[in-house]
Amino acid sequence: MSLNKTFGSMLIIAGTTIGAGMLALPLASAGLGFATATIIMIAIWALMTYTALLMLEVHQHADPSSTLNTLAYQLLGRKGQTIATLAMFFLFYALCAAYIAGGGSQLSEKISTWTGTTIAPQIGAVIFTVAIASVVSIGTHSVDMVNRILFTAKVVALAVMLGLLLPHVQGQHLVEMPIEKGLILSALPVIFTSFGFHGSIPSIVRYIGIDIKALRKIMIFGSALPLMVYILWQLASQGIMGQPQLIANTTLGAFIGSLSQLLHNPMVGQSVSIFADLALATSFLGVSLGLFDFLADTLNRGNHLAGRGQTALITFLPPLAFAVFYPQGFIMALGYAAISLVILAIFLPVAMVRAQRKTVKNQSAYVVKGGSLALGIVTIIGIIIIAAQLLQMIGIIPAVG
């Protein structure tokens, strides 16, 4: 297996994971304290890596080009395929809505600063959506070219941002304990969604082939890189600001402004802001392209100008409507996406592995360790994450952001 392919695939996993969800982490875990937030992130990383390995166990007995829909149909029947399709549909729309809401808010603030006039977040959302929709509607090649440029710039901005922030970390902020235990449940959906990369697994398997040894390295190390970046990001944000300051910042714009003001260094705010913009743009590009192709295939829209135009409207108008009516809904939409991601990244892999292990008796086949006990524990964690999101929806526990 080509080392270049393996390394490239790790970066695909890392790039899919390190997106706009990272920006919500300090706000989602504001009342937890650094140690508690770090423990939860490590636990979520282990959970998501485990279920990614379950997906590899399933893929080894299928054609390398198989998608989640195909695998679900083969192992779980038409009902399983329907659940997988609906979950994918909702997840894509929820993520697009989150990115439009977040990107629109940031863009409107920048335009207001540059022009000296007040621009509503709704106007920013429309401009941001039209820009991304134009690139996506042209085709995958244009997305690839634009994404390469943005991702390279994102890595540079991340390095500059952390380099500026980490020297100002204060130890007393890092030992703060959770303000209340209920905040742990509140933070779970957003932290969980920030580790979502499972939609990329079929593409990686198709690219690499059924090479389990290489694929295991890709899943483990590709997902470990975002974990390390997230811990450094939490160290910087929670080490510079105390819990009351973090909790007071309920939007991304306010959080970025507070960092810059606190350190009296405009470069801090600029680097965080640039990274935020790039993270939102690259995440939105990737997710909306997936939704665009998914809808084009599902609705049998042609690849001609009229067909792509119709697909673009169906792809971008619903999440844009969400962002216009709920301009502060960035973190809320990420939380709603957690329900679909639990189905796609936990329930479906567990169900497919259970079904496959009953029929496949190949002694030399790759089997993820842990047996039925591990599958049961993972399922219970998935139920807890969904319960946390539902409790937020009905107001029993506080919603972050």
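Trainee: How do H3 and H10 run relative to each other, parallel or antiparallel?
Mentor: Roughly antiparallel. This is a predicted model, by the way. The axes of H3, residues 34–59, and H10, residues 212–240, cross at roughly 165 degrees. Angles over 145 degrees count as roughly antiparallel, so this pair qualifies. The two axes come within 10 Å.

Trainee: And which hand does the crossing of H3 and H10 have, left or right?
Mentor: Right-handed. As for residue classes, the H3 contact with H10 has 17 nonpolar, five polar and one charged.

Trainee: What else packs on H10?
Mentor: Helix H9, residues 201–208, does. The angle between H9 and H10 is about 145 degrees, and their axes are 11 Å apart. H9 also passes H10 in a right-handed crossing.

Trainee: Which residues of H9 and H10 meet there?
Mentor: From H9, look at Ile201, Ile204, Val205 and Ile208. They meet Ala214, Leu215, Ile218 and Met219 of H10. That contact has eight nonpolar residues, with no polar and no charged ones.

Trainee: What does His198 touch, leaving out residues up to four places away?
Mentor: Met48, Thr51, Ala52 and Ala345. Check Leu341 too: its C-alpha is 8.6 Å from that of His198. Those two are 143 residues apart along the chain.

Trainee: Where does Ala157 belong?
Mentor: Ala157 is in helix H6, residues 140–165. At 9% relative accessibility, it counts as buried. Setting aside residues up to four places away, Ala157 touches Ser271, Ile274, Phe275 and Leu278.

Trainee: How far is Ala157 from Ala276, C-alpha to C-alpha?
Mentor: 9.1 Å in space. In sequence, Ala157 and Ala276 are 119 residues apart.

Trainee: New pair. At what angle do H4 and H14 pack?
Mentor: About 55 degrees, with the axes 8 Å apart. H4 is therefore oblique to H14. H4 spans residues 68–115 and H14 spans 305–325. The crossing of H4 and H14 is right-handed.

Trainee: Which H4 residues meet H14?
Mentor: Tyr93, Cys96, Ala97, Ile100 and Ala101. On the H14 side, the partners include Ile314, Thr315, Phe316, Pro318 and Pro319. By class, the contact of H4 with H14 has twelve nonpolar residues, one polar and no charged.

Trainee: Whole chain now. How many helices and strands?
Mentor: There are 16 helices and zero strands.

Trainee: What share of the chain is buried?
Mentor: Of the 401 residues, 54% are buried.

Trainee: And of contacts between residues at least 6 apart in sequence, what share joins residues at least 24 apart?
Mentor: The share is 82%.

Key
Residues are numbered from 1 along each chain as its sequence is written. This is a predicted model: local features need pLDDT of at least 70, side-chain atom pairs count only at pLDDT 80 or more; totals for chains, interfaces and linings use all residues. Side-chain values use heavy atoms; hydrogens and water are left out. Axes are lines fitted to C-alpha atoms, for helices over the stretch in contact, and angles run from 0 to 180 degrees between N-to-C directions. Helices (H or I, at least four residues) and strands (E, at least two) are DSSP runs, numbered from the N terminus. Angles under 35 degrees count as roughly parallel, over 145 as roughly antiparallel, 65 to 115 as roughly perpendicular and the rest as oblique. A crossing is left-handed if the near helix is turned anticlockwise from the far one by less than a right angle, and right-handed if clockwise. Ala, Val, Leu, Ile, Met, Phe, Trp, Tyr, Cys and Pro count as nonpolar, Asp, Glu, Lys and Arg as charged, and the others, Gly among them, as polar. Buried means under 20% relative accessible area, exposed over 50%, partly exposed in between (1.4 Å probe, protein chains only). Contact means heavy atoms within 4.5 Å.
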